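Colleague: I have some questions about how the terms are used here. Could you take me through them?

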Amino acid sequence: MNFAVTPHASPVPADVRSKTLEDPGFGRVFSDHMVTLRWSKERGWHDGKVAARQPFAIDPASSVLHYAQEIFEGMKAYRTAKGELVLFRPDMNAARFARSAERLAMPVLPEATFVEAVEALVRIDKDWVPSGAGSLYLRPFMFASEAFLGVRPALEYIFCVIACPVGPYFKGGDKPLKLWVSDNYTRAAPGGTGAAKCGGNYAASLIAQAEAATHGCDQVVFLDAAEHRWVEELGGMNLFFVMNDGSIVTPPLTGTILPGITRDSIIQIARGLGLQVKEAPYSMDQWRSDAQSGKLSEAFACGTAAVVASIGEIVSSSGTIRVGNGAGPVAQKLKEQLIGVQRGSVADAHGWVRRV
Ligand code: PLP
Ligand code: COI
């Protein structure tokens with residue numbers, strides 16, 4: 001795909017950018033450029049551009065604004081200790097984006113074009129990749145831009161990639177998470193869009209996230225829609241349970257949870273360290289009783305934005321349960337290995353790292 005490159009005429013001055021990179025927070029500040037690509041039924045993918053980041057001018061009847069035909073990805077560019085810029089398993093994001101597109105009845109962007117677009121943005125905004133513990137969070141997304149109010153898959157789409165330098169996702173840093181178990185809301189049902197990364201899933205989770213916040217919790221644990229019994233995932237992270245015999249359990253990919261790339265990587269890293277990992281259903285009752293009996297020694301959540309975060313407490317209408325002592329040595333070890341591969345200090349045995 002040819003992306004016409006027009007560098008920003010007045011990018012953020014270097015001194016302002018450096019100051020911003022010292023403490024960027026999460027999702028607040030953005031780099032200078034964006035990549036865009038359009039799709040129409042007649043022309044297919046066309047009009048690839050790398051240009052200054054700027055607002056879209058879209059018609060008020062654009063289908064995305066009415067029927068939420070939108071998908072996205074979340075990935076990061078890292079600056080290694082040697083100063084190289086790398087992406088972590090970008091092919092996995094490209095493949096998931098293609099599956100999300102299929103589920104939302106959107107055109108599939110060729111996976112190579114997805115990676116090319118992401119790399120083009122990292123290249124032009126390379127000075128926005130923080131060094132040290134930070135990274136450049138990349139947000140590829142696609143939405144229905146056709147001006148049409150009939151309910152059917154749109155015939156025009158815009159694909160875009162934006163980037164923001166980020167530090168830790170949680171304000172508390174490494175403080176163990178406090179999770180809220182919602183009695184009222186579910187995130188995804190069989191046959192629904194739970195395994196796709198579409199904006200609508202997040203819109204539906206916000207009220208539960210707000211409920212969690214009123215109970216002083218960081219995130220919501222979503223249970224299955226049918227029985228309200230099986231642990232699925234958090235609003236933006238997958239879950240792992242570490243037993244006192246060292247074995248690990250994570251909920252299986254049954255179509256209602258997001259197939260996390262961090263989840264897949266953690267499973268492979270843990271197995272590489274000789275740990276037994278089972279993808280098996282785990283119930284909320286089991287979580288409570290294992291936490292109380294001490295059979296559960298750790299629980300942690302993982303995802304691109306949050307990396308690996310230990311879970312300290314679970315709060316629900318029936319009370320609060322503490323998980324282990326919240327220290328999470330297994331989570332810590334897996335996190336070190338994962339970050340080590342991403343940043344070049346641990347050998348990349350699986351070929352996960354791609355130099356930009
Ligand atoms: N589950 C949900 C709902 C998410 O939004 C995310 C974040 O992307 C994850 C899990 C973790 O996925 P990944 O590890 O690919 O970032
Ligand atoms: C991610 O980890 O990339 C996510 O998408 C989680 C959240 C920021 C939506």
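Colleague: What distance separates the centres of domain 1 and domain 2, taken over C-alpha atoms?

Modeller: 27 Å separate the two centres. This is a predicted model: local features need pLDDT of at least 70, side-chain atom pairs count only at pLDDT 80 or more, and totals for chains, interfaces and linings use all residues. Residues are numbered from 1 along each chain as its sequence is written, chains are lettered from A and ligands numbered from 1 in the order in which they are written, and side-chain values use heavy atoms, with hydrogens and water left out.

Colleague: Where do domain 1 and domain 2 lie in the protein chain?

Modeller: Domain 1 is 4-166 and domain 2 is 177-343. The bounds come from an automatic or database domain assignment.

Colleague: How many residues does each domain give to the contact?

Modeller: Contact means heavy atoms within 4.5 Å. By that rule, domain 1 gives 27 residues and domain 2 gives 22 residues.

Colleague: What area is buried between domain 1 and domain 2?

Modeller: Buried area is the accessible area (1.4 Å probe) that two parts lose on being put together, summed over both. Here the value is about 1900 Å², and carbon and sulfur atoms give 57% of it. F72, F88 and R96 supply 31% of the area that domain 1 buries against domain 2, more than any other three residues.

Colleague: Why is ligand 2 said to lie between the domains?

Modeller: Domain 1 and domain 2 both give residues to its shell, so ligand 2 lies between them. A residue is near a molecule if one of its heavy atoms lies within 4 Å of it. The residues around ligand 2 include F72, Y137, R139, K197 and Y202.

Colleague: How much of ligand 2 does the protein bury?

Modeller: Accessible areas come from the Shrake-Rupley method with a 1.4 Å probe. Taken alone, ligand 2 exposes 280 Å², and the protein buries 87% of that.

Colleague: Which residues are closest to ligand 1?

Modeller: K197, Y202, E233, T262 and T304 are the closest of the 17 residues that surround ligand 1. A polar side-chain atom of E233 lies 2.5 Å from a nitrogen atom of ligand 1. For T304, a polar side-chain atom lies 2.6 Å from an oxygen atom of ligand 1. Taken alone, ligand 1 exposes 380 Å², of which the protein buries 96%.

Methods. A polar contact is a pair of N or O atoms within 3.5 Å; within protein, one must be able to donate a hydrogen and the other to accept it, and residues adjacent in sequence count only if both atoms are side-chain atoms.
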